[in-house]
Amino acid sequence: MAWRVERYVTPQHDRCGYIVIGACVALGTAIIMLLTSIVEREIASWSMPEAPPSRAGPSTVAEQSDPDAACAPAAEWGTADDYPLNAIMQDQEGTTTLSWMVGDNGRIASCRIAVSSGHHLLDQAGCRAIMARGCYDPKSLSHKREFTRRIVWRLPT
């Protein structure tokens, strides 16, 4: 005949278990909160790097109309940065044909959509880029004051 040892759990033992578990949970929560505050303070002390210089053209009308500003080559008037983010998110592609008039000062006086890409965002981005960065040497302007260019919008890969 084998002897069997039975353990009897009294209500007092049961309550002690709950107290120990509760204390462990409270201690664990306090440790997590302490570590979180330490990490947050450390992150707050980090200095943010300066933004890289923008490759965009003049940002104000005053800069655009500065007669002493050098004209960028026409190939630099539009960059990949001009592709509207909303157009990218909507998978918009197409070809826009723009036409613009040049003023006596060599700056772009007006821009219009000659042939739409079928997407308003792309068409307007093209005119914005031309108006912001486009310019000509006023001395080299002949009687021709209206120019046209096609912009092919292709999604980045």
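**Figure 1. Trp 77, Trp 100, Tyr 136 and Phe 147 come together as one aromatic cluster.** Welcome to the first close-up, taken from a predicted model. The model holds four aromatic pairs, and two of them are shown in the next views.

Figure 2. Trp 77 sits in the loop between helix H2 (61–64) and helix H3 (85–89), while Trp 100 belongs to strand E1 (residues 94–102), so the pair links parts that are 23 residues apart in sequence. Is Trp 100 buried or exposed? With a relative accessible area of 2%, Trp 100 is buried. Trp 77 is buried too, because its relative accessibility of 2% falls under the 20% cut-off.

**Figure 3. Trp 77 also forms an edge-to-face pair with Tyr 136.** Here the centre-to-centre distance is 5.5 Å, with 85° between the planes. Tyr 136 lies in the loop between helix H4 (120–133) and strand E3 (146–153), and Trp 77 in the loop between H2 and H3, so this contact ties together parts that are 59 residues apart in sequence. Both Trp 77 and Tyr 136 are buried.

**Figure 4. Leu 27, Ile 31, Leu 34, Leu 35 and Ile 38 make a nonpolar surface patch.** The patch covers about 480 Å². One of its residues, Leu 27, is found in helix H1 (residues 11–45). Leu 27 counts as exposed because its relative accessibility is 54%, over the 50% cut-off.

Terms used. Residues are numbered from 1 along each chain as its sequence is written. This is a predicted model: local features need pLDDT of at least 70, side-chain atom pairs count only at pLDDT 80 or more; totals for chains, interfaces and linings use all residues. Side-chain values use heavy atoms; hydrogens and water are left out. Rings of Phe, Tyr and Trp (its six-membered ring) pair if their centres lie within 6.5 Å; planes under 30 degrees apart count as stacked, over 60 as edge-to-face and the rest as tilted. Helices (H or I, at least four residues) and strands (E, at least two) are DSSP runs, numbered from the N terminus. Buried means under 20% relative accessible area, exposed over 50%, partly exposed in between (1.4 Å probe, protein chains only). Patches are made of residues with over 30% relative accessible area and no salt bridge: like charges are joined within 9 Å, nonpolar side chains (Val, Leu, Ile, Met, Phe, Trp, Tyr) within 5 Å. Accessible areas come from the Shrake-Rupley method with a 1.4 Å probe; for residues, only the protein chains shown count as cover. A salt bridge is a side-chain nitrogen of Lys or Arg within 4 Å of a carboxyl oxygen of Asp or Glu.
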